[in-house]
Amino acid sequence: DALVEITGLRNPCVQIENFHEGLLSAVIERDASHHVVRKTGVMSIVLRGGDVRPGDAVLIELPAEPHRPLPVV
């Protein structure tokens, strides 16, 4: 069983355009207050390696409260 800890948000860069033109603008936008809203990209640490295959179950465990927003790294 693999164990991965999400540590922060990542800013998608222009290289994402290599996959599909217009993708960068599709995954970053601004809210009504002009704050950046990131729709993709996380940084993580592999705490325990293992095989992960399509169709495998994923268990999400939230940290103890109080919850706080992930920082941009």
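**View 1. Residue E29 in strand β2 of the predicted model.** E29 belongs to strand β2, residues 28-30; strands (E, at least two residues) and helices (H or I, at least four) are DSSP runs numbered from the N terminus. With a relative accessible area of 37%, E29 is partly exposed, a class lying between buried (under 20% relative accessible area) and exposed (over 50%), with a 1.4 Å probe and protein chains only. Apart from neighbours within four places in sequence, E29 is in contact with H35, V36, V37 and K39, where contact means heavy atoms within 4.5 Å. V14 is 15 residues from E29 along the chain, and the C-alpha atoms of the two are separated by 14 Å. This is a predicted model, in which local features need pLDDT of at least 70 and side-chain atom pairs count only at pLDDT 80 or more, while totals for chains, interfaces and linings use all residues. Residues are numbered from 1 along each chain as its sequence is written, and side-chain values use heavy atoms, with hydrogens and water left out.

**View 2. The salt bridges.** Two salt bridges are counted, each defined as a side-chain nitrogen of Lys or Arg within 4 Å of a carboxyl oxygen of Asp or Glu. One of them joins the side chains of K39 and E29 at 2.9 Å, N to O. Because K39 lies in the loop between β3 and β4 and E29 in strand β2, this pair ties together parts that are ten residues apart in sequence. In the other, D51 pairs with R53, and the closest N and O atoms are 3.5 Å apart. D51 counts as exposed at 59% relative accessibility, and R53 counts as exposed at 52%. Side chains of opposite charge can pair when their charged atoms come close.

**View 3. The nonpolar patch on the surface.** The patch is formed by V4, I6, V42, V46 and L70, which together have about 410 Å² of accessible area. Patches consist of residues with over 30% relative accessible area and no salt bridge; like charges are joined within 9 Å, and nonpolar side chains (Val, Leu, Ile, Met, Phe, Trp, Tyr) within 5 Å. Accessible areas come from the Shrake-Rupley method with a 1.4 Å probe, and for residues only the protein chains shown count as cover. Strands β1 (3-9) and β4 (42-48) each supply at least two residues of the patch. V46, located in strand β4, counts as exposed at 58% relative accessibility.

View 4. H34 sits in the loop between β2 and β3 (36-38). Its phi is near 70 degrees, a positive value in a residue other than glycine, and H34 counts as exposed at 59% relative accessibility. In the segment after β4 lies P66, which is joined to E65 by a cis peptide bond with omega of about 10 degrees. Most residues other than glycine have a negative phi, and most peptide bonds are trans.

**View 5. The protein chain as a whole.** The C-alpha trace spans about 40 × 35 × 20 Å along its principal axes. Of the 73 residues, 5% count as buried. The accessible surface comes to about 6,500 Å², and 56% of this belongs to carbon and sulfur atoms.
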